[in-house]
Amino acid sequence: MKQAIFWVTSLAGLRKLTFKQKVKSLMNDQVQVTIILAMIKFDDYEGARRLIAALFQRSVLDQLNIVSLVDLMADEPGIEVAAEEQFNTDFETLPSHRFDAADASKQTTVRYIKDGEIVAETREDVNQNPLSKTRFNDHQPVQSAVYEAGEQFGIMSYHDGELAQALLLNQKGQLATRFIRHTQPVSFVYTMGRTSKLAFTELVSETDKEQHVIYQDSEVQSYYEVVSYQNYDRFDSVYSFYASLLEKVVGADSGLFIDLNDNPNLAPYLPQQLIFNY
């Protein structure tokens with residue numbers, strides 16, 4: 001293995017001890033390590049970079065190759081962003097309050113006020129370049145624009161405070177990929193022996209004919225559909241989209257490392273790919 005590619009889909013994955021251990025172990029073996037940030041919540045990218053910087057010493061960081069979906073899609077063709085989906089910065093003429101960062105690890109925040117309420121907020125880096133701009137309605141986010149080196153690369157829209165869609169732009173500012181969040185109810189059934197010490201105190205148990213203890217529960221889970229504007233391909237799962245990108249970036253001499261939590265969803269789309277977990 002000449003190169004190792006770590007596919008990161010969440011900040012929680014970066015915080016795993018196994019992530020840090022495997023990166024350092026591979027680099028000690030003179031393997032080139034590339035970390036690809038693939039979060040759909042684009043405003044996590046800046047936090048991910050700061051977290052990686054805190055995990056490793058400078059000598060390690062200088063050898064790491066860190067890229068993101070932004071880099072992978074920068075040269076891909078796209079379409080113009082529809083007028084109704086563009087991010088409007090007209091709030092920047094409103095009265096504002098500036099909260100300067102206490103140190104280099106923090107971000108400066110500028111809040112814009114209308115009729116006594118916060119209607120928008122901008123987060124800036126140490127050079128006062130925007131990292132994100134967010135519009136609020138009734139104290140809930142409704143739309144955000146995200147930036148890298150002062151250039152806008154994404155737009156996120158929200159419904160009831162939850163991310164609804166994320167638009168990834170190419171380097172020309174065109175819409176390259178659309179992520180659409182859906183929800184679905186999922187039911188769980190836990191069956192165990194009567195002598196089991198495991199109990200769910202917040203659930204009411206039942207007993208079947210074999211005297212097993214049964215707990216039932218349900219929750220609403222989210223998943224993402226993806227539309228690619230290169231050829232108008234539609235992916236019913238974000239993992240199918242991830243696999244299409246990985247087939248392009250993982251070479252024959254590369255090892256692919258993915259979060260163990262992603263394995264059940266991503267691995268079936270890459271049946272011929274040797275996959276390592278962290």
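Analyst: Let's take the salt bridges, then one serine. Keep in mind that this is a predicted model.

User: How many salt bridges does the structure hold?

Analyst: Eleven. One of them pairs Arg49 with Glu148, with the closest N and O atoms 3.1 Å apart.

User: Where do Arg49 and Glu148 lie?

Analyst: Arg49 is in helix α3 (residues 44–55) and Glu148 is in strand β8 (residues 140–148), so the bridge ties together parts 99 residues apart in sequence. Arg49 is partly exposed at 25% relative accessibility. Glu148 is partly exposed too, at 28%.

User: What does Arg178 pair with?

Analyst: Glu85, in a salt bridge of 2.8 Å, N to O. Arg178 sits in strand β11 (residues 175–192) and Glu85 in the loop between α5 (69–73) and β4 (96–99), so parts 93 residues apart in sequence are tied together.

User: Is Arg178 buried or exposed?

Analyst: Buried, with a relative accessible area of 12%. Glu85 counts as partly exposed at 22%.

User: And which residue meets Lys133?

Analyst: Glu92, at 2.7 Å, N to O. Lys133 is in strand β7 (residues 130–137), while Glu92 is in the loop between α5 and β4, so this pair links parts 41 residues apart in sequence. Lys133 is buried at 12%, whereas Glu92 is partly exposed at 35%.

User: Which residues join into one network?

Analyst: Arg98, Asp100 and Glu124, through salt bridges that share partners.

User: Switching topic. Why does Ser240 count as buried?

Analyst: Because its relative accessibility is 18%, and the cut-off for buried is under 20%. Ser240 is in helix α6 (residues 238–249).

User: What is Ser240 in contact with, leaving aside neighbours within four places in sequence?

Analyst: Phe235 and Tyr269.

Note on methods: Residues are numbered from 1 along each chain as its sequence is written. This is a predicted model: local features need pLDDT of at least 70, side-chain atom pairs count only at pLDDT 80 or more; totals for chains, interfaces and linings use all residues. Side-chain values use heavy atoms; hydrogens and water are left out. Helices (H or I, at least four residues) and strands (E, at least two) are DSSP runs, numbered from the N terminus. Buried means under 20% relative accessible area, exposed over 50%, partly exposed in between (1.4 Å probe, protein chains only). Contact means heavy atoms within 4.5 Å. A salt bridge is a side-chain nitrogen of Lys or Arg within 4 Å of a carboxyl oxygen of Asp or Glu.
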